[in-house]
Amino acid sequence: MSSHNHVVSVRDAERHFGGLRVFTELSLDVAAGQCCAIVGANGAGKSTLLRCVIGAERLDHGSITVDGDPVDESSPGFRAAVAAVVGDVEVFAHLTTHEHLQLVATAHGVPDPYGQASRVLEDVGLLDAADQLPVTMSSGQRRRLGLASAFVRPRRLLVLDEPEQHLDVGGRTWLADAIRDEKRAGTTVLLASHDAALVDCVADLTVDADSWR
Ligand SMILES: Nc1ncnc2c1ncn2[C@@H]1O[C@H](COP(=O)(O)OP(=O)(O)OP(=O)(O)O)[C@@H](O)[C@H]1O
């Protein structure tokens, strides 16, 4: 099938580090509004694949397209389409939570950055931390801020690497609801996770990274 019908298409992908072949001959398609979950043991290669999808790493062989175009993290169209929470969110030390989100919203041309930042802070349960600086936040709050940074901006594809990390029980329930809302809005979600309950709740397609080697 043509990669055109899919938001994400991975074709015959290979990535290796020296003699370590993380994956080879890997192909994968995810349609609009669908969630693909990558599961598997520590070191299986989940993050490596996600980093290749967002353009933070290059494949050694094969191709990845987003909306039919090759991954190019410096292209304005690609950056507008792809929101990622991979690793810790990078923030300015001197900006509050609310200011950080306003900055991201402004950079992505959101019409009412102040209002949008407030709405998303409420959605992710961070209103109480709106005026805090990053250094004063807990690890779970930082995780929520990372997710908020993706939710505050437009997106066609949401890439989440172990988004459940550091979240409390309420946070995990919220996360599952948020991913379901994303799908309903037509956003494609690519998720790496160790949380089987989350994957069960949200995934239309599950890929087992343990089978890559
Ligand atoms: N830059 C690198 N140089 C060398 N080896 C690397 C590099 N990045 C990743 N690896 C190796 O590639 C393999 C896959 O790592 P990756 O981080 O993708 O796994 P993962 O499935 O995301 O694991 P986890 O569940 O622990 O997050 C691991 O064996 C890792 O050590």
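**View 1. Confidence of the predicted model.** In this predicted model, the protein chain has a mean pLDDT of 95, and 98% of its residues reach 70 or more. For the complex, the predictor gives an ipTM of 0.97 together with a pTM of 0.95.

**View 2. The span annotated in UniProt.** An unreviewed UniProt entry lists residues 8-211 under "domain: ABC transporter". In the model, the end C-alpha atoms of residues 8-211 are 20 Å apart, and the span consists of 35% helix and 25% strand.

**View 3. The shell around the ligand.** The residues around the ligand include the run Asn42, Gly43, Ala44, Gly45, Lys46, Ser47 and Thr48, and the list also holds Phe17, Leu20, Val22, Gly40 and Ala209. Sorted by class, this shell has 5 nonpolar, 6 polar and 1 charged residues. Strand E2 (20-30) and helix H1 (46-53) each supply at least two residues of the shell, and the largest share, 3 residues, comes from H1.

**View 4. The antiparallel sheet.** Four strands form an open sheet in the order E2-E1-E4-E5, with antiparallel pairing. Its edge strands are E2 and strand E5 (69-70), each of which pairs on one side only. Helix H1 packs on this sheet, where it touches E1, E2 and strand E4 (61-66), and the direction of H1 makes about 120° with that of E1. Within the sheet, strand E1 (residues 8-17) pairs with E2 in the antiparallel sense over 7 bridges, and Val8 has Val30 of E2 as its bridge partner.

**View 5. The parallel sheet.** A further open sheet has 5 strands in the order E6-E7-E8-E3-E9, with parallel pairing. Strand E6 (82-85) and strand E9 (205-208) are the edge strands, each pairing on one side only, and the twist from one strand to the next averages 15°.

**View 6. Strands E3 and E8 with the helices on the parallel sheet.** Strand E3 (residues 35-39) and strand E8 (residues 188-192) pair in the parallel sense over 4 bridges, with Cys35 standing opposite Val189 in E8. Helix H6 (residues 169-184) packs on the sheet and touches E3, E7 and E8, its direction making about 145° with that of E8. Helix H5 (residues 139-151) lies across E6 and strand E7 (157-161), and H5 runs at about 180° to E6.

How values were computed: Residues numbered from 1 in each chain as written. Predicted model: local features only at pLDDT ≥ 70, side-chain atom pairs only at ≥ 80, totals over all residues. Near = placed C-beta within 6 Å. Nonpolar A, V, L, I, M, F, W, Y, C, P; charged D, E, K, R; others polar. UniProt positions renumbered as here; feature names shortened; annotations may be inferred. pLDDT = per-residue confidence, 0-100. Pairing = 2+ DSSP bridges. Contact = placed C-beta atoms within 7 Å. Axes fitted to C-alpha atoms, helices over the stretch in contact; angles between N-to-C directions.
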